[in-house]
Protein chains: 2
Amino acid sequence: MTDQTSGAWFSPGMPVALDCLPCLLRQAISVVKKITGDSGRQAVLLQSLLQQASSLDLSLPPPEIARQMHQLLQQQTGEADLYREENRRQNAMALALYPEIHRRVQASEDPLELALRLAIAGNVIDCGVSDEISELEVAAALEKALREPIKGDLTAFRQAIHSARQILYLADNAGEIVFDRLLMEQIGFGKITLAVRGREILNDATRTDAEAAGLDQLVTLIDNGSGVPGTLLADCSTGFRERFAAAELIISKGQGNFETLCGSSSKVFFLFKVKCEVIARRAGMPL
Amino acid sequence: MTDQTSGAWFSPGMPVALDCLPCLLRQAISVVKKITGDSGRQAVLLQSLLQQASSLDLSLPPPEIARQMHQLLQQQTGEADLYREENRRQNAMALALYPEIHRRVQASEDPLELALRLAIAGNVIDCGVSDEISELEVAAALEKALREPIKGDLTAFRQAIHSARQILYLADNAGEIVFDRLLMEQIGFGKITLAVRGREILNDATRTDAEAAGLDQLVTLIDNGSGVPGTLLADCSTGFRERFAAAELIISKGQGNFETLCGSSSKVFFLFKVKCEVIARRAGMPL
């Protein structure tokens, strides 16, 4: 974060809270377990993580700390994409649901609101928060999404997407991206540039997942050049940062994007489920 | 744990599971926050904890790791007893409930079973698991205790406490110890030796708390000479270990005592609420 050349792009986002650390450790342990079932090797990997954690920069937002932990594990094991199978499963699960929920959106009195609700509900698919989301959990989240109040200014959102000629949509996770497709349909694919992560990290959506959801055929697809499970502008490619700066309107999905972008720009609408106390406090929303 | 003089007393208990570490970190962070509200100082304390954690011995049971973390914090801050006020509050809260629940036990068709249920319910007061238990949570736990099934052999427990001439009762937490009093009344104070922790650790009960519950006047009161939030025999005083060895029957309250004593002796009855997945798996009980 001391890179002066990217200084202008560095938005502080949300510094990690002490309460984030147990959750980040839980996340890392879940990755360690995916790497090996051997308890001796697990212990060695964990010690190196804790060693790294002891010189943590607590001014960083949680997704950057997550990236550093995963980078260390990748370096030590050569495993670049531990979530590929999980992502395939989540995409397939969401695609199986797609025809039915697409019909429901089409038949709805307010298709935009329903698509928005479902896109937010899709944010339940988050391996950073809970590994191995089941079909039942996703189905329950969808049902709940139909009834729950949406916090935030829906009218402003409606107006903004209506007026904007082009919109930058920041995807979050695999699986979830299929639900985003519903909202993008309502907005109009033509004006959307969809940005995915530049490298595999947790179950975050990459080009592979956008392609699995068929979105590469429908919108302008870019990646942000970064392997942070969020959008840390200083870590993103120059090309992405230019798009970000030039965008008329930005739709940002998920907690990771919120943690890295909150306070960065007034043209961002954040769509996410509040999944922890820290975010609830920061966003002024109930858990 | 390599001390040969105590080797004969060392029972391995339950080695820490990877999944325990985020919870232990959460516990340590809660202590760090009690020590100081200054975020810079919190960060320094946390870094030193993580530094220590990176050379953790993962064969130790979780309570011994908790002790090491708290010892480090005590050394760095000089704060020996951060939970004194919390313990006072919990004792006072339980003592306020005591007359009413005592009457309910007396009036019950099966006073022993009800007292046992309430003693287990009292185990909800555990700052290792969740800081700042409210009166409402305790009340809810008591109500639930009246309906929930008790896992384990109640008949064997009944017979064992009936036949034993003397019983060693290992207390767990402040506040909870008042609920233990109900069960001790049913067993008969005369045959009970009550053991509390030898030093302050989290909200674990010490002599001060046994005295607050009036138990020093009713039973033989000892302490185990140790500051582990459990009963790590290798860390306990010789006197306590002799009592442990000589005891006809041992009643062990709480997860910490289970984590350090499970598998150690067939004369131990473990009474506790299952409060995490790791313990649920180890005990073969649902969460």
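I began with salt bridges between domain 1 of chain A and domain 2 of chain A, and the count is one. I took a salt bridge as a side-chain nitrogen of Lys or Arg within 4 Å of a carboxyl oxygen of Asp or Glu. Arg281(A) pairs with Asp19(A) in a salt bridge, and their closest N and O atoms are 3.5 Å apart.

Which helices supply the touching side of domain 1 of chain A? I found that α1 (20-35) and α3 (62-77) each give at least two residues to the side that touches domain 2 of chain A. On that side α3(A) gives the most, with seven residues. I sorted the residues of that side into ten nonpolar, seven polar and five charged. My classes: Ala, Val, Leu, Ile, Met, Phe, Trp, Tyr, Cys and Pro are nonpolar, Asp, Glu, Lys and Arg charged, and the others, Gly among them, polar.

A note on the source: this is a predicted model, where local features need pLDDT of at least 70 and side-chain atom pairs count only at pLDDT 80 or more, while totals for chains, interfaces and linings use all residues. Residues are numbered from 1 along each chain as its sequence is written, chains are lettered from A and ligands numbered from 1 in the order in which they are written, and side-chain values use heavy atoms, with hydrogens and water left out.

Next, the bounds: the assignment (automatic or from a database) gives chain A domain 1 (4-77) and domain 2 (84-283). Their contact (heavy atoms within 4.5 Å) takes 22 residues from domain 1 of chain A and 28 residues from domain 2 of chain A. The C-alpha centres of the two domains lie 24 Å apart.

Last, I checked Leu202(A), which has a positive phi of about 45° although it is not a glycine. Leu202(A) sits in the loop between β2 (192-196) and α9 (207-212) of chain A; helices (H or I, at least four residues) and strands (E, at least two) are DSSP runs, numbered from the N terminus. Most residues other than glycine have a negative phi.
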